[in-house]
Amino acid sequence: MSRPHILFVGIDGVRYDTLLEQQTPALDRVAADGFLQDLQVNASGPTISGPSWSTMVSGVLPPTHRIFDNNLTDHDLGRYPDFITLAGRAFPEVQTFAGADWEPLVSSHSGGPIFAGGGFLSDRRRGKKATADDWHVGDQQVADRATEQLAGLASEPGSITFVYQHGVDTAGHREGVGERYREFIDASDRRLDQLLRAVDERPTRDHEDWLIIIATDHGHIDEGGHGGDHPAERTAWIAASGTGVPATDEPLILEQADVAGHVHHVLGLTDQPPEFVGLPFGTRTEPARG
Ligand SMILES: [Zn+2]
C-alpha cells in the first residue's frame, strides 16, 4: 500500500467568526477542495491548548489522555500516543517532522512533549520582553523549517508534517480580539500559502497523494483569553482537503479527535483502543461522549 503525505497545520486560538471576516486565500483553497467547518470543543475538556491539541493528535478525549490544562505533567499520552509516534512504530520508513513555537508540543517544557518524539522548537526571544515582531519570527522559523522539509521529502513512502502557528493566540492574550489578532490570522494564512506552495511545487506532486488538514484548538473571548464555555471559546474549526476528504459545503459533524481519526484511517493504522473516538471526516453521525 502506498502511503499518503500528510500536512497538518495547527493555528492556535483562531476564533471562527473572526476567521471568516479575514481574507484567507490559502485556507480558502483548502476549503474549496474539501471543507472548512466549525465544531464544538468536546465538553469533556476545557477550551485550552494542551487538552485540545492532545485530543487532535491522539484521538482520545481529555478524561482519557488526562490533560486538562497547559501543565501536562502526569498525562497518559504514553498509552495513547500521537499519530506521528504511532506511524513511526507501524511504518518506520515514513518521513516525519513536527515544528512549533509553543514548547509543550515538541519539548519537555510543562510536562510535554505532546508529540512524544519531540521536534523543532523556534528559538525566538520569549518572555515579557518579547514583542509582536518576535512572535512573527517564531512562527516564520517554524514555517521555514517545515517548507524545507516539504520540499525535501522523498516521494515514497509517505510522510507526516506538523506545523504549528502561535502568534494569533499570543496576540489574543496580550491585546484581545483586535487589529493585532487579525494581523496574525493574515500572517498565518501567508505562511500556510508558503507551505501549500512547497507541496504544489514538488516535482513529483502529480504522482503523490496529499492530505492537508488545518485546525485550531479553541477561540478567544473579545477581551482575550479562553478556557471557558462561551461560544467564542468553545467553537473551533477544521479545514481539510485531499486523501479521503469529502469535498462538501454540507454540514459535517466533527470532533477534534477526528483529526487523528482521519489520519489513522488514511495511514491504515488499525488496532485503536476502545477509548479512541476519532473518526474519518464525513463519517460521524453524533458527537463523541466524553
Ligand atoms: Zn491554544
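**A helix pair and its setting**

The model is a predicted one, in which local features need pLDDT of at least 70 and side-chain atom pairs count only at pLDDT 80 or more, while totals for chains, interfaces and linings use all residues. Residues are numbered from 1 along each chain as its sequence is written. Helices (H or I, at least four residues) and strands (E, at least two) are DSSP runs, numbered from the N terminus.

The axis of α7 (residues 132-152) comes within 9 Å of that of α9, and the two cross at roughly 15 degrees (axes are lines fitted to C-alpha atoms, for helices over the stretch in contact, with angles from 0 to 180 degrees between N-to-C directions). The two helices are therefore roughly parallel, a class for angles under 35 degrees; over 145 is roughly antiparallel, 65 to 115 roughly perpendicular and the rest oblique. On the α7 side, the contact is made by Ala-132, His-136, Asp-139, Gln-140, Ala-143, Ala-146, Thr-147, Leu-150 and Ala-151. From α9 come Arg-180, Ala-187, Ser-188, Arg-191, Gln-194, Leu-195, Ala-198 and Val-199. Contact requires C-beta atoms, placed from the backbone, within 7 Å.

Together with Ile-214, Leu-195 has the most contacts inside the largest nonpolar core, which has 75 residues. To this core α9 (residues 179-200) gives the most, with eight residues. Such a core is a set of buried Ala, Val, Leu, Ile, Met, Phe, Trp, Tyr and Cys residues joined through C-beta atoms within 7 Å; buried means 20 or more other C-beta atoms within 10 Å of a residue's own, exposed 12 or fewer, and partly exposed in between, with C-beta atoms placed from the backbone.

Seven strands form it, open and mixed in pairing, in the order β2-β7-β6-β1-β5-β3-β4. At its edges stand β2 and β4 (120-121), each with a single partner strand, so one side of each lacks a neighbour in the sheet. Strands pair if DSSP finds at least two bridges between them. Strand β7 (residues 235-242) has seven of its eight residues buried and is therefore largely enclosed by the rest of the structure. Six bridges link β7 antiparallel to β2 (residues 35-40), and five link β7 antiparallel to β6 (residues 210-215). Ala-240 of β7 is opposite both Phe-35 and Ile-213, while Ser-241 is the bridge partner of Ile-212.

Helix α3 (residues 49-58) has ten of its ten residues buried, so α3 too is largely enclosed. These buried residues pack against β1 (5-11), α4 (62-65), α5 (83-90), α6 (103-106), β6 and α11 (258-267). Gly-59 follows α3 with a positive phi, near 80 degrees. Within α11 lies His-262, which is buried because 28 other C-beta atoms are within 10 Å.

Key
Two residues are in contact if their C-beta atoms, placed from the backbone, lie within 7 Å.
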